[in-house]
Amino acid sequence: MTAAAILAATAAQASVDFGTAEDAKNITSEMVQIIQSEGLDAGITAMHDPAKPFSASKMGIHVFEQSVIVADNREPELIASSYAEVEDLTGEPMWPRIVAAADASGDAVLEWYHYDTEAEYTYNCHSEWAVPGDVIVMTCR
């Protein structure tokens with residue numbers, strides 16, 4: 001395989017679609033409802049409950065308390081990490097974009113690495129407040 005073919009295959013893989021905007025909104029809403037009705041601990045538990053859709057989702061689902069990740073379905077090593085000052089690949093802090101997206105119940109656009117290939121990837125991350133001013137649920141596709 002030529003270098004150009006490898007590069008093209010890598011670029012194609014990096015554009016893998018994890019789900020639709022509607023999928024991200026729906027799964028975010030489901031987690032928000034759990035947290036609002038049963039509490040943050042129930043949301044954390046639900047993230048890995050096989051009877052719930054979160055752990056099997058190809059989308060990255062993150063629950064933040066303040067700026068700290070308290071639940072994550074694809075990268076559990078991020079638990080307890082603060083996004084307060086983390087920059088994405090643009091060199092700009094991610095947290096202000098995540099908060100602004102939650103304020104609008106919209107998408108934060110984050111440049112990061114593809115979950116599976118580790119190639120650079122543009123994520124559209126639907127974000128909503130589960131507890132205004134305290135808990136954000138963000139689903140990246």
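## Helix α2

α2 has 18 residues and spans 26 Å from first to last C-alpha, close to the 26 Å expected at 1.5 Å a residue (the expected span is 1.5 Å times one less than the number of residues). Helices here are DSSP runs of H or I with at least four residues, strands are E runs of at least two, and both are numbered from the N terminus. This is a predicted model, in which local features need pLDDT of at least 70 and side-chain atom pairs count only at pLDDT 80 or more, while totals for chains, interfaces and linings use all residues. Residues are numbered from 1 along each chain as its sequence is written, and side-chain values use heavy atoms, without hydrogens and water.

Ala24, Ile27, Thr28, Met31, Val32, Ile34 and Ile35 are the buried residues of α2 (buried means under 20% relative accessible area, exposed over 50%, with a 1.4 Å probe and protein chains only). They lie on the same side of α2 because they cover an arc of only 155° around the axis, taken from the directions from the helix axis to the C-beta atoms. Gln33 and Ser37 are exposed on the other side.

The buried residues pack against α3, β1, β4 and β5. Just after α2, glycine 39 has a positive phi of about 105°.

## Nonpolar core

The largest nonpolar core holds 40 residues; Ile35 and Phe64 are among those with the most contacts inside it. Such a core is a set of buried Ala, Val, Leu, Ile, Met, Phe, Trp, Tyr and Cys residues joined through side-chain atoms within 4.5 Å. α2 gives the largest share of this core, 6 residues.

Leaving out residues up to four places away in sequence, phenylalanine 64 touches Ile69, Tyr83, Trp95, Ile98, Asp134, Val135, Ile136 and Met138 (contact means heavy atoms within 4.5 Å).
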